[in-house]
Amino acid sequence: MPKIKTNRGAAKRFRKTGTGKIRRNKAYTSHILTSKTTKRKRNLRQGTTVNKSDERNIGQLIPYL
């Protein structure tokens, strides 16, 4: 049985926690930051976990991470 290739795009965007959950960075932090409040930009800096419904699909993209 051959090994599964890791999706390199997903490997750069997601990482697994110690308990096996998948972490991600929040979107909307790239440009047009002047119209966003300081509080909103500060909260966007913090990472969060992937939704439970997406966890299985992303887990298949990064099987060995």
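1. Two strands are taken as paired if DSSP finds at least two bridges between them, strands being DSSP runs of E of at least two residues and helices runs of H or I of at least four, numbered from the N terminus. On that basis β2 and β3 pair in the antiparallel sense over two bridges, and R23 has T49 as its bridge partner in β3.

2. This is a predicted model, in which local features need pLDDT of at least 70 and side-chain atom pairs count only at pLDDT 80 or more, while totals for chains, interfaces and linings use all residues. Residues are numbered from 1 along each chain as its sequence is written, and side-chain values use heavy atoms, with hydrogens and water left out.

3. The three strands form an open antiparallel sheet in the order β1-β2-β3, with β1 (14-16) and β3 (48-49) as the edge strands, each pairing on one side only.

4. K36, in the loop between β2 (22-24) and α2 (38-45), deserves a comment. A polar atom of the K36 side chain does lie 3.2 Å from the backbone oxygen of Y28, and one lies 3.2 Å from the backbone oxygen of H31.

5. The largest nonpolar core has seven residues, among them F14, I22, V50 and I58. Leaving aside neighbours within four places in sequence, I58 is in contact (heavy atoms within 4.5 Å) with F14, I22 and V50.

How values were computed. A polar contact is a pair of N or O atoms within 3.5 Å; within protein, one must be able to donate a hydrogen and the other to accept it, and residues adjacent in sequence count only if both atoms are side-chain atoms. A nonpolar core is a set of buried Ala, Val, Leu, Ile, Met, Phe, Trp, Tyr and Cys residues joined through side-chain atoms within 4.5 Å. Buried means under 20% relative accessible area, exposed over 50%, partly exposed in between (1.4 Å probe, protein chains only).
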